[in-house]
Amino acid sequence: MYFEDRAEAGRQLARHPAMPRGVDVVVLGLPRGGVPVASEVARSLDAALDVIVVRKLGVPHQPELAFGALGEDGISVLNDDVVASAGLTDDDMAPVEHRERIALERRVARFRAGRPRLSLAGRTAVIVDDGAATGATVRAACQVARAHGAERVVVAVPVASRSALRSLRREADDVICLEQPMFFHAVGQWYHRFGQTSDSEVVELLDRAAARTPRRVSVPSADPSLRDDEVRVRVGDAELAGHLTVPEDPIGMVVFVHGSGSSRHSPRNRYVAGILHRAGLGTLLFDLLTPAEEVDRANVFDIELLARRLVDVTGWLGDQEHATGLSVGYFGASTGAAAALRAAADPRVRIDAVVSRGGRPDLAGDALAAVRAPTLLIVGGHDHHVMDLNRTAAKAMSCEVRLIEIPGATHLFEEPGTLSEAAQLARDWFVTRLRRADEANRVGAQ
């Protein structure tokens with residue numbers, strides 16, 4: 001199949017039976033060539049249109065190998081495997097991130113012209129490009145969309161190489177492609193007209209879409225949260241950065257305790273936090289270590305230090321406006337799960353629920369026996385070593401504890417649908433246990 005131009009390719013994509021339709025679909029074009037295709041998809045679906053601006057972070061001296069990606073609003077996604085295999089240090093990565101962040105902000109300023117980014121929280125993001133040769137940029141866009149809170153990510157391209165499709169299926173929940181030629185040299189060979197798309201054309205298409213009011217799209221109103229702030233928490237001599245969100249009528253608060261090498265910007269934790277917000281749960285995502293402390297890798301695995309800080313941060317949270325008196329739960333990942341369980345066993349705090357995703361509860365040691373909070377352990381079915389460690393840890397605990405396996409998931413829950421399943425399990429666990437704790441507190445107060 002040859003496409004006349006990008007507009008015709010977009011119209012054909014929109015007719016594909018697997019194309020998602022509904023009130024929460026947002027079509028995202030990759031600038032520049034993907035926007036004319038996405039414009040036709042959005043118009044045909046009567047959906048909202050936006051651009052998704054991303055920058056790949058290339059390994060120094062091997063820039064075609066990406067160690068991560070950048071998105072708007074400070075989003076940074078790192079590939080820990082590439083970082084480790086390439087032996088990258090903070091000094092190696094910082095100049096690349098700085099350079100690409102400047103380039104990204106320039107592109108955003110050109111394409112948006114002051115127009116705000118459409119919210120992806122809880123919505124289906126359809127990422128559209130005019131084709132995929134390697135799929136690297138589209139993969140980066142998938143990661144950024146999830147970090148922005150998209151509940152489902154669908155890739156839609158008119159044509160792609162088979163190798164690109166294999167890589168995209170590992171990143172997206174669904175991939176729609178009209179042509180998968182056996183011999184693929186370049187995207188442009190599958191178009192009769194494939195001229196360069198200009199910046200002004202991108203802006204014009206976005207302006208047209210903004211002027212149109214999609215009948216089928218439910219655009220979220222102004223943020224209903226009571227609080228949605230960047231915060232700073234003083235813990236001893238350190239000042240920790242965090243993000244506090246308290247929705248209207250909160251039923252409890254969940255403090256996120258990230259794993260080694262992660263941060264409050266973790267796309268997986270931000271995605272889970274979005275699921276919790278829609279269930280009426282507030283969240284606090286914060287950095288357990290300062291940037292200077294993270295340089296020493298020993299600090300990342302100092303469970304006692306991390307647990308002490310978590311106890312102090314929990315005390316700080318109890319004094320915050322709109323969070324006072326609410327039941328509190330911990331959500332821990334990797335080594336963060338050990339810190340969460342150790343802190344939950346500390347008599348200075350009352351924790352009413354704990355969830356571990358791909359965690360290392362075994363690192364909590366003797367504290368496991370002292371945990372009283374109902375604990376849910378979520379482990380990927382293909383994360384065999386961690387599964388064994390979680391089984392052993394569960395036997396050492398005397399509280400309500402449940403171990404659930406997510407079939408097909410590996411340690412980072414990167415497989416399509418696995419993180420969503422884990423997030424929903426966490427949501428249900430917190431909602432049930434924190435409500436139960438809140439009701440018990442009310443009865444005790446009467």
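This is a predicted model: local features need pLDDT of at least 70, side-chain atom pairs count only at pLDDT 80 or more; totals for chains, interfaces and linings use all residues.
Author: Residues are numbered from 1 along each chain as its sequence is written, and side-chain values use heavy atoms, leaving out hydrogens and water.

Reader: What share of the residues counts as buried?

Author: Buried means under 20% relative accessible area, exposed means over 50%, and partly exposed is in between (1.4 Å probe, protein chains only). Here 55% of the 446 residues are buried.

Reader: And how do I read the radius of gyration of the protein chain?

Author: You take it over C-alpha atoms and compare it with a globule rule, 2.2 Å times the number of residues to the power 0.38. For 446 residues a compact globule would come out near 22 Å, so the 23 Å of the protein chain agrees. The C-alpha atoms fill a box of roughly 70 × 50 × 40 Å along the principal axes.

Reader: How many helices and strands are there?

Author: Both are DSSP runs numbered from the N terminus: helices are H or I with at least four residues, strands are E with at least two. This chain has 14 helices and 16 strands.

Reader: Pick a strand for me. Which strands pair with β11?

Author: Two strands pair if DSSP finds at least two bridges between them. β11 (residues 252–257) pairs in the parallel sense with β12 (residues 281–286) over five bridges, and likewise with β13 (residues 328–333) over five bridges. V254 stands opposite T283 in β12, while M253 has V328 of β13 as its bridge partner.

Reader: Which residues of β11 point which way?

Author: G252, V254 and F256 point one way, M253, V255 and V257 the other, and all are buried.

Reader: Now a helix residue: is T314 buried or exposed?

Author: T314, in helix α11 (residues 303–318), has 9% relative accessibility, so T314 counts as buried.

Reader: What is T314 in contact with?

Author: Contact means heavy atoms within 4.5 Å. Leaving aside neighbours within four places in sequence, T314 is in contact with V328, Y330, V349 and I351.
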